[in-house]
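Work through the exercises below with the model open. Try each task before reading its solution.

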Amino acid sequence: MKRSYFIKKGIEYREIFPSNPLHSEEIIPLVGYLAFPIDELMDDTVIQDGTDLIEHFEKHIPELAMVPNTLPVFLNFSRCMRDRQEYFREAMSQLVHCDL
């Protein structure tokens with residue numbers, strides 16, 4: 001995912017795999033444990049998660065946005081649908097327990 005994001009966003013990068021001595025000599029001591037993906041930016045900022053990395057670049061390089069700005073709308077819609085399901089589930093449980 002990250003490689004594709006960098007290519008589409010036009011960000012130059014260099015991959016260092018865990019088999020590379022640089023990984024065990026510099027990256028693991030810097031982070032304190034074996035984890036990946038680990039990304040070190042040009043300003044020496046270290047980001048450990050792919051999602052955090054994408055959020056960082058979307059904030060600092062907003063041109064050619066890769067994350068849709070409709071996400072909050074979708075999340076609100078999902079929350080609304082969940083609330084409606086709970087409401088109807090409660091209403092149906094009341095009907096089931098009703099003496100006719």
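Buried means under 20% relative accessible area, exposed over 50%, and partly exposed in between, with a 1.4 Å probe and protein chains only. This is a predicted model, where local features need pLDDT of at least 70, side-chain atom pairs count only at pLDDT 80 or more, and totals for chains, interfaces and linings use all residues. Residues are numbered from 1 along each chain as its sequence is written, and side-chain values use heavy atoms, without hydrogens and water.

**Exercise 1.** Describe the secondary structure and the burial of the chain.

Solution. Start with the elements, which are DSSP runs numbered from the N terminus: helices (H or I, at least four residues) and strands (E, at least two). The chain has four helices and two strands. Their order from the N terminus is α-α-β-β-α-α. Next, take burial. Of the 100 residues, 16% count as buried. Last, take contacts (heavy atoms within 4.5 Å). Among contacts between residues at least 6 apart in sequence, 37% join residues at least 24 apart.

**Exercise 2.** Why does His23 count as buried?

Solution. Locate His23 in helix 2. His23 counts as buried because its relative accessibility is 3%. Then list its contacts, leaving aside neighbours within four places in sequence: Ile16, Phe17, Pro18, Ile28, Pro29, Leu34 and Ala35.

**Exercise 3.** Which element gives the most to the lining of the largest pocket?

Solution. On a 1 Å grid over the protein atoms alone, a pocket is an open set of points where a 1.4 Å probe fits, with protein on both sides within 12 Å along at least five of seven lines; lining residues have an atom within 4 Å of a point. The largest pocket has a volume of about 850 Å³. Its lining has 29 residues, and the closest to its centre are Arg14, Glu15, Ile38, Asp39 and Glu40. Helix 2 gives the most to this lining, five residues.

Methods: Points joined across faces, edges and corners; volume = space filled by probe spheres on them.
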